[in-house]
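Subject: Structure for your review: how its helices pack

Dear colleague,

Please find below the structure that I am handing over to you. Kindly look through it before reading the notes that follow.

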Amino acid sequence: MKIAFDKLVAGGIAVAIAALTASVVVVGLDRPAHAAAAATTVALPPPAGKADLRQPGVKRAQVVFAGGCFWGVQGVFQHIKGVDSALSGYIGGSAANATYPRVGSGSTGHAEAVQVTYDPAQVSYGQLMQVFFSVAHDPTQLNRQGPDRGTQYRSAVYADDAAQRDATRAYIVQLQQAKTYAAPVVTQVDGGKPFFAAEGYHQNYLTLHPESLYIRINDLPKVAALKQQYPALYREQPRLVSTAISAR
């Protein structure tokens, strides 16, 4: 991970240097740190009407959330009760190009994303959307998130289930009508796209590298916001995934 010192302005250069000294630099990962925390603190209304999707009788459901760097998004959903798995990966492009170096070029059509597998009896789709649109990322940022820029960091929800897609679109309309944000929501809603698991070294990154400057500035505040805003959903011990994933 390369640290862009010109972005380390808020809080003072001395603080930034001290944090950098204490962090671990991972060779091969190009993640610029940023001095402003990426987590939002927007209080969202619960989904209503068509957005309040219920899935009675469904024991296991899936949806893919794209909201910038997958390290933080995965870390947030791993701390939610009822989430069985939150797997970092790529979606929107071909299998041949689903590798970190290629996706990072911004030319493959992929987005960094997290495949969330959950039990609807424990956590509803609406609750997952609330977390996604509030603390997991900022849905008003077009093709960027925090310090990261490019279409690979777009805001999107990929749901193969039509009811999930309809609920997501309805919730976006609800949020827009409630004037929840100062800017329009730019989140894309799509489905029928293959998801490809990211390399093993990307899995559980937030948990395994809490000392990383990027994680400390951009992602740990998201987990803290989850705990503060949604205490009933928060799980202290994250549900980690296997890192035994073959690098392509």
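Which hand does the crossing of α2 and α7 have? The crossing of these two helices is right-handed. Please bear in mind that the model is a predicted one.

**Helices α2 and α7**

Helix α2 covers residues 70-77 and helix α7 covers residues 213-229; their axes lie 9 Å apart, at an angle of about 25°. Angles under 35 degrees count as roughly parallel, and α2 and α7 are therefore roughly parallel to each other. On the α2 side, the contact is made by Trp 71, Gly 72, Gly 75 and Val 76. These meet Tyr 214, Ile 215, Asp 219, Lys 222, Val 223 and Leu 226 in α7. Sorted by class, the residues of this contact are 6 nonpolar, 2 polar and 2 charged.

**Helices α2 and α4**

Helix α2 also packs against α4, with the axes 11 Å apart and an angle of about 135°. The two helices are therefore oblique to each other. Their crossing is right-handed. Val 73, Val 76 and Phe 77 of α2 meet Leu 128, Val 131, Phe 132, Val 135 and Ala 136 of α4. This contact holds 8 nonpolar residues, with no polar and no charged ones.

**Helices α4 and α5**

Helix α4 (residues 125-136) in turn meets helix α5 (residues 162-177): their axes come within 11 Å and cross at roughly 50°. That angle makes α4 oblique to α5. This crossing, too, is right-handed. From α4, the residues in contact are Tyr 125, Met 129, Gln 130 and Phe 133. Their partners in α5 are Gln 164, Ala 167, Thr 168, Tyr 171, Ile 172 and Leu 175. The contact divides into 7 nonpolar and 3 polar residues, with no charged ones.

Which residues of α5 are buried? They are Gln 164, Arg 165, Ala 167, Thr 168, Tyr 171, Ile 172, Gln 174 and Leu 175. What covers them includes α4 and the strands β1 (61-67), β3 (111-118), β6 (155-158) and β7 (188-190). An α-helix has 3.6 residues a turn, so residues three or four places apart point the same way. As a check on length, the 16 residues of α5 should span 22 Å at 1.5 Å a residue, and the end C-alpha atoms are 23 Å apart, which agrees.

Yours sincerely,
A colleague

Methods. Residues are numbered from 1 along each chain as its sequence is written. This is a predicted model: local features need pLDDT of at least 70, side-chain atom pairs count only at pLDDT 80 or more; totals for chains, interfaces and linings use all residues. Side-chain values use heavy atoms; hydrogens and water are left out. Axes are lines fitted to C-alpha atoms, for helices over the stretch in contact, and angles run from 0 to 180 degrees between N-to-C directions. Helices (H or I, at least four residues) and strands (E, at least two) are DSSP runs, numbered from the N terminus. Angles under 35 degrees count as roughly parallel, over 145 as roughly antiparallel, 65 to 115 as roughly perpendicular and the rest as oblique. A crossing is left-handed if the near helix is turned anticlockwise from the far one by less than a right angle, and right-handed if clockwise. Contact means heavy atoms within 4.5 Å. Ala, Val, Leu, Ile, Met, Phe, Trp, Tyr, Cys and Pro count as nonpolar, Asp, Glu, Lys and Arg as charged, and the others, Gly among them, as polar. The expected span of a helix is 1.5 Å times one less than its number of residues. Buried means under 20% relative accessible area, exposed over 50%, partly exposed in between (1.4 Å probe, protein chains only).
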